[in-house]
Amino acid sequence: VTGDDVDPALAFHGDREVSADLVDLAVNVRTAPPPTWLDAPIRASISDLSAYPDPTVARAAVAAHHRRDPAEILLCAGAAQAFTLIAQAYAHAHDAARPRQDSGSRPARGPAVVVHPQFTEPEAALRAAGVPVTRLVQGPETGFALDAGARAALPDDADLVMIGNPTNPTSVLHDRGAITDWARPGRLLVVDEAFADTVPGEPESLAARADIPGLVVIRSLTKTWGLAGLRIGYLIAAPDLVERFARQQPLWPVSTPALAAAIACATPRAAAAERAIADELVAARAHLVARLAEIDGVALAADPRSSFVLIRTAVPARVALREHGFAVRRGDTFPGLGPEYLRVAVREPAVSDSFADALTKIMAAR
Ligand SMILES: Cc1ncc(COP(=O)(O)O)c(C=O)c1O
């Protein structure tokens, strides 16, 4: 599917499902308050707000955390800003190539491909930058995994590919070799790893790989650390790409409190805490999955590896769940999914139990 029209479904996000009277299973941000080692430096940074932010220390800290060079790191106002920078830089290069396109019969650039279903913002950012998008849609028949057929379906001349790993909303963790097989000189290979830290040990992360041509890894600090309102994330890429994307950034894009958070989240202590959270999540997710397996008319749509699960219900259940007090993320605004799909955040077992009880009642009444 190719199109450069505006699609309002792409602008829908889980926070729109949430209201004060509902249990929030729609947004994939941890709701636990930030630990003291994170909260304290963010608060302390408030006394430095008269100075413009200087990212040097935070950039070096993030680089050391991933064993990369600071020149390979670009701090951003959340992972979401990285999509915009990449889209604008790509569109800029595309425009620069246009005279060549007009004078010859071959397009100067190949298609920009977005692998779906995934977070809708990468496609939305490309479209907002005027870039036509080609969708590569994974289906339920392969459990939304990147199988050989999907890999072969990528157009040879694609010069931009965007994929999430683990993927929102399917929670599928792709084999990183299947992704790096797509790398080519001259092609941008963008891997959104906003949820990579939810997988213990991050076995499929590409964050440490400096040897893959065109690779751009995007990371977020807003999910695990419950900092969605602070806006902090970063991308990791070769220095020439980092420079290209940085040229699209507004001045002082990351605030001083957000830089303080980035420094705090890059310490060995933070890494250990992150690992403990990921381990706890595995157990909490197993509990949710076991409860869901007991419900007639409900199936897992894919093998979940992150902090949410994608389910398929025999009849659409989103509205009924709201009546029972639960906000879940609708599936039908994701390309490739329909109203029978729901994304459910993994929360503590007691919350999953009440959710499963409500869904059991809804399915029994259908
Ligand atoms: C897969 C994915 N990537 C990136 C983001 C954006 O994250 P951030 O809050 O760091 O901008 C989100 C937010 O929902 C997401 O789900």
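Which backbone oxygen does the side chain of T180 reach at 3.3 Å? The views below are taken from a predicted model, in which local features need pLDDT of at least 70, side-chain atom pairs count only at pLDDT 80 or more, and totals for chains, interfaces and linings use all residues. Residues are numbered from 1 along each chain as its sequence is written, and side-chain values use heavy atoms, with hydrogens and water left out.

**View 1. T180 in helix α6.** The side chain of T180 reaches the backbone oxygen of G177 at 3.3 Å. T180 belongs to helix α6, residues 176-180 (helices are DSSP runs of H or I with at least four residues, strands are E runs of at least two, both numbered from the N terminus). With a relative accessible area of 18%, T180 is buried (buried is under 20% relative accessible area, exposed over 50%, partly exposed in between, with a 1.4 Å probe and protein chains only).

**View 2. T333 and its contact with R329.** T333 is placed in the loop between β12 (326-330) and β13 (341-345). The side chains of T333 and R329 make a polar contact at 2.8 Å (a pair of N or O atoms within 3.5 Å; within protein, one must be able to donate a hydrogen and the other to accept it, and residues adjacent in sequence count only if both atoms are side-chain atoms). T333 is buried, its relative accessible area being 11%.

View 3. A ligand nitrogen lies 2.6 Å from an N or O atom in the side chain of D192. Ligand oxygen atoms are found 2.7 Å from a side-chain N or O atom of S220 and 2.8 Å from one of T222. The ligand taken alone exposes 400 Å², of which the protein buries 88% (Shrake-Rupley method, 1.4 Å probe).

**View 4. Helix α4.** Six of the eight residues of helix α4 (residues 121-128) are buried, so this helix is largely enclosed by the rest of the structure. The buried residues are P122, E123, A124, A125, L126 and R127. G130 follows α4 and has a positive phi, near 85°.
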